[in-house]
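Subject: Structure for your attention

Dear colleague,

Please find below the structure that I am handing over to you. My notes on what was found in it follow directly after it.

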Amino acid sequence: MVEWILALLILLGAFFTLVGSIGLLKLPDFYMRLHGPTKASTLGVGAILIASALHFSRNAEGVSLHEILITLFLFITAPVSAHLMAKAAIHIKVKQVDRTRQPDSK
Amino acid sequence: MAVRRIFPHPLLSFVLWIIWLLLNNTMAMGHVVLGGLLAVIIPWTTSSFWPEKTVLKHPWLLIKYIFVVLYEIMVANIVVTKLILGRSSKLNPGFFHYELQLESPVGIGLLANTISLTPGTVSCDLSEDKRSLLIHSLHIDDVAAIKADIHRKFERPLKDIFVSC
Amino acid sequence: MLDTVIAIAFFLVSVALVLSFIRLVIGPEVADRILALDTLYINSIALLILLGIHLNSALYFEAALLIAVMGFIGTLALSKYLMRGDIME
């Protein structure tokens, strides 16, 4: 039973990681590419880390929870680095796709 | 106020203690004590870095908020996966301003982080006067609907958590 | 069964690594390359953790944690450099 959950988590994680990178390669401009890795990869790696915690808790004596630490760290840092990259890209005026909607002027 | 002197930031102490135990991946007595010592010393020596006190009025609301965000991340990932694997010429990306009602800096920070983690939106910039966030969205059907969603799901709970302090 | 699943996962994550590497090489703007590096380090964390499960060793955890910390700092420093470099002109 636990093995099935493990297998599902690992496959799901690897799939989302791949989707993040596909987004990175195929989307047309920088701001759109930003969406792939920051979300898909974070959840993908999160799922793999939870699978790892499960696996080591099952095999060794006692629970193994230190993988949670990396998951937590990634979930806190991913939005921060996405925000900074977007800010830097706006600052150096990276090209946008023509159909990009512009913000209403305040 | 003696307790306040020893624990200038009780929540920070608690989090440090938990992180120490997780890092060592053990509940051995020695590490429990050593982690406890560090959890007292570190906030005490660095208390001058954190002049403003953030008061958590409703900790249980924060825990509920974390679960809501986790659920939203799952849903968001499925939506974004569909968008990424679909035809990218059909996507309508765009920027919009989101007018903030939150005032506490921690609240704004948490909201920006949440927005970056969920449905195809990334927060890009905070205006000078801290009144509006510039947000980029992967696919926009209706700007008003996205804004209403953000307000209903994230901003209102955060306003309840960080009551003006 | 777990071995088969891990082998498939290895393959998927390796393809992800190659895709981000292609973006790193072609990426028309500097910002694209920073984003590709960011993705690369996140993917490598996934690969390391998978290796840890496969070899049944907890040793790789520390390496993964270090990559997470260093990758984050690296992304921050590069983005900051992009912003500051322009101001210095």
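This is a predicted model: local features need pLDDT of at least 70, side-chain atom pairs count only at pLDDT 80 or more; totals for chains, interfaces and linings use all residues.

Which residues does C:A31 touch, not counting residues up to four places away in sequence? C:A31 touches A:F30, A:M85, A:A88, A:A89, A:V94 and C:L82; two residues are in contact if their C-beta atoms, placed from the backbone, lie within 7 Å.

Residues are numbered from 1 along each chain as its sequence is written, and chains are lettered from A and ligands numbered from 1 in the order in which they are written.

To return to C:A31, this residue is found in helix α2 of chain C. Helices (H or I, at least four residues) and strands (E, at least two) are DSSP runs, numbered from the N terminus. C:A31 is buried, because 24 other C-beta atoms lie within 10 Å. The term buried requires 20 or more other C-beta atoms within 10 Å of a residue's own, exposed means 12 or fewer, and partly exposed lies in between, with C-beta atoms placed from the backbone. The C-alpha atoms of C:A31 and C:L12 are separated by 25 Å, and the two residues are 19 apart along the chain.

Chain C

Chain C has 3 helices and 0 strands, and its elements run α-α-α from the N terminus on. Its radius of gyration is 16 Å, whereas a compact globule of 89 residues would have a value near 12 Å. That radius is taken over C-alpha atoms, and the globule rule is 2.2 Å times the number of residues to the power 0.38. Along the principal axes, the C-alpha atoms of chain C fill a box of roughly 60 × 25 × 10 Å. Of the 89 residues in chain C, 43% are buried. Among the contacts in chain C with a separation of 6 or more, 44% are between residues 24 or more positions apart.

Contacts between chains

There are 2 pairs of chains that touch, and the pair with the most contacts is A and C. Here 43 residues of chain C are in contact with 45 residues of chain A. On the chain C side, α1 (2-26), α2 (30-55) and α3 (60-88) each give two or more residues, and α2(C) supplies the largest share, 15 residues. This side divides into 31 nonpolar, 7 polar and 5 charged residues. In this division Ala, Val, Leu, Ile, Met, Phe, Trp, Tyr, Cys and Pro count as nonpolar, Asp, Glu, Lys and Arg as charged, and the others, Gly among them, as polar.

Between chains B and A, 33 residues of chain B are in contact with 36 residues of chain A. The elements of chain B that give two or more residues to this side include α2 (10-24), α4 (59-85) and α5 (105-117). With 7 residues, α4(B) gives the most. The chain B side divides into 19 nonpolar, 13 polar and 1 charged. Chain B and chain C do not touch, and their nearest C-alpha atoms are 9 Å apart.

Chain B

Chain B comes to 6 helices and 3 strands, in the pattern α-α-α-α-β-α-β-β-α along the sequence. Of its 165 residues, 29% count as buried. The domain assignment gives domain 1 (2-49) and domain 2 (59-161); such bounds come from an automatic or database domain assignment. The centres of the two domains, taken over C-alpha atoms, are separated by 33 Å.

Two helices of chain B deserve a separate note. In α5(B), 10 of the 13 residues are buried, so this helix is largely enclosed by the rest of the structure. The cover over its buried residues includes α3 (35-59) and α4 (66-91) of chain A together with α4, β2, β3 and α6 (143-161) of chain B.

In α3(B), the buried residues are B:G35, B:A39 and B:P43. Seen down the helix axis, they fall within an arc of 45°, so they line one face of α3(B); the arc is that of the directions from the helix axis to the C-beta atoms. On the other side of α3(B), B:M29, B:G30, B:V33, B:L37, B:I41 and B:T45 are exposed. What covers the buried residues of α3(B) includes α2 of chain B.

Yours sincerely
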